[in-house]
Amino acid sequence: MPAPGENLKINADRLWDSLMEMAKIGPGVAGGNNRQTLTDADAEGRALFQKWCEEAGCTMGLDQMGNMFARREGTDADALPVYVGSHLDTQPTGGKYDGVLGVLGGLELLRTLNDLGITTKHPIVVTNFTNEEGTRYAPAMLSSGVFAGIHTQDWAYAKKDAEGKSFGDELARIGWRGDEEVGARKMHAFFELHIEQGPILEAEGKDIGVVTHGQGLSWIQVTVTGRDAHTGSTPMPMRRNAGLGMARILEKVEEIALSHAPHAVGAAGHIDVFPNSRNVIPGCVVFTVDFRSPDLTVIEDMEARLRVEGQVVADTMGLKIEFEKVGGFDPVAFDDGCVTAVRNAAERLGYSHMNLISGAGHDACWINRVAPTAMVMCPCVDGLSHNEAEEITKEWAMAGADVLLHAVLETAEIVG
């Protein structure tokens, strides 16, 4: 099978215009987006995406989790489709590119094939997965997780947001609950284009990240209990300060992650302090430690050491401590064949590239369980994401979409 010619590239201006047009839906307050899942803005973004796909000659499928599938036919009716895509939902203070680039980059791929009259043996399907961000309805990658059999649909439907509104009810309310069984589709392969959400590609001056692995994740909720007491009248030796205990444990978290440098990371992002009063020594703190690594044995070691060293801190200070694993997933090794197709595409097109381990979770991490999968990444300014100031250049978007185009065509097989 001949490889796509190196002069075959997407229309960068059209891709960029599509990104900017989608960004008008659910605008943020500081130049980004607030298009959270299953909101009216999400419904509006979906409608625009469907309109564009139908104008490109695609048929649109919709499953019971609201996952959207825009299909361009191939020449072999029995050949499994090659899927591409990501998500259109955003963080409450999200950027214009996280997830969206992967969906609209897939759409641009189809538009380019139409422009050039290119046909493929395998159909090509562009996907928008529901609720990748997990902000309104935890966990992240919820609908791709149902698709891959990680979660049950009933469990996902029962998830509630901060206002008590269920996922299932809100999906029906916005009119994007389909009839198709979730996960019934079989894939020849899946490719996801995404911004890096980290600083490595920009710092290294590389156009493309060839994602070989996705980090595994472990969330351990730690509850440290001491005794509430007056901050002014309680002698220092008589205090049982849960806040101080947390601080010492977080120092251990830093040491544990650094001992597995350079790929392991650890921190606590979610922290609740009780009673959270200026003149009361904290009697209880609840915080979640987030450990990540591409090596499962490293994650297991970090978990074990947190429990041992945290217990030592608590015992030394006269505190009670409890640990509960509240989330996580194993590291991902992406498919060698799909990864090679991405690398071949970057080399054929003359884009500088490097192997990359994704530090964030993506829909591709779950789809990898049911189909050969790989990811393409492009840089983002200062590695900033999940922030309205998130930024990329048109050139970076073009490079990522070009590599996606070539990797997909190599896999879907050009026939004319």
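Predicted model: local features only at pLDDT ≥ 70, side-chain atom pairs only at ≥ 80, totals over all residues.
Student: Why is Thr 37 called buried?
Tutor: Its relative accessibility is 2%. Buried means under 20%, so Thr 37 counts as buried. Thr 37 sits in the loop between helix H1 (12–23) and helix H2 (40–55).

Student: What does Thr 37 touch, leaving out residues up to four places away in sequence?
Tutor: Thr 37 touches Asp 42, Asp 89, Thr 130, Asn 131, Arg 136 and Tyr 137. The cut-off for a contact is heavy atoms within 4.5 Å.

Student: Why is Asp 76 called partly exposed?
Tutor: Asp 76 has 25% relative accessibility. Asp 76 is in the loop between S2 and S3.

Student: What makes strand S4 mostly covered?
Tutor: Count its residues. S4 spans residues 124–128, and five of its five residues are buried. Both faces are covered. Ile 124, Val 126 and Asn 128 lie on one side, with Val 125 and Thr 127 on the other.

Student: How do you know that S4 pairs with S2?
Tutor: Pairing needs at least two bridges. Five bridges join strand S2 (residues 68–72) to S4, and the two run antiparallel. As one example, the bridge partner of Ala 70 in S4 is Val 126.

Student: And what joins S3 to S4?
Tutor: Five bridges join strand S3 (residues 82–86) to S4, and this pair runs parallel. The cut-off is at least two bridges, so S3 and S4 count as paired. Gly 85 has Thr 127 as its bridge partner in S4.

Student: Which elements make the β-α-β unit, and what is its hand?
Tutor: S3, helix H3 (residues 100–116) and S4 make the unit, and it is right-handed.

Student: Why is Met 141 called buried?
Tutor: Its relative accessible area is 4%. That is under 20%, so Met 141 is buried. Met 141 is in the loop between S4 and H4. Phi of Met 141 is near 55°, a positive value in a residue other than glycine.

Student: What is the peptide bond from Ala 261 to Pro 262?
Tutor: The bond is cis, with omega near 10°. Pro 262 is in the loop between helix H8 (242–258) and strand S9 (265–274). The bond from Phe 274 to Pro 275 is cis too, with omega near 5°.

Student: Which domains does the domain assignment give?
Tutor: The assignment gives domain 1 (12–214 + 331–415) and domain 2 (217–329). Their contact takes eight residues from domain 1 and eight residues from domain 2.

Student: How much area do domain 1 and domain 2 bury between them?
Tutor: About 630 Å², 76% of it on carbon and sulfur atoms. Pro 331, Ile 357 and Trp 366 supply 62% of the area that domain 1 buries against domain 2.

Student: How many salt bridges cross that interface?
Tutor: The rule finds zero salt bridges between domain 1 and domain 2.

Definitions and conventions:
Residues numbered from 1 in each chain as written. Heavy atoms only, no water. Buried < 20%, exposed > 50% of the residue type's maximum accessible area, 1.4 Å probe, protein only. Helix = DSSP H or I, 4+ residues; strand = E, 2+ residues; numbered from the N terminus. Right-handed = clockwise from strand over helix to strand, strands pointing away. Domains from an automatic or database assignment. Buried area = accessible area lost by both parts, 1.4 Å probe. Salt bridge = Lys/Arg side-chain N within 4 Å of Asp/Glu carboxyl O.
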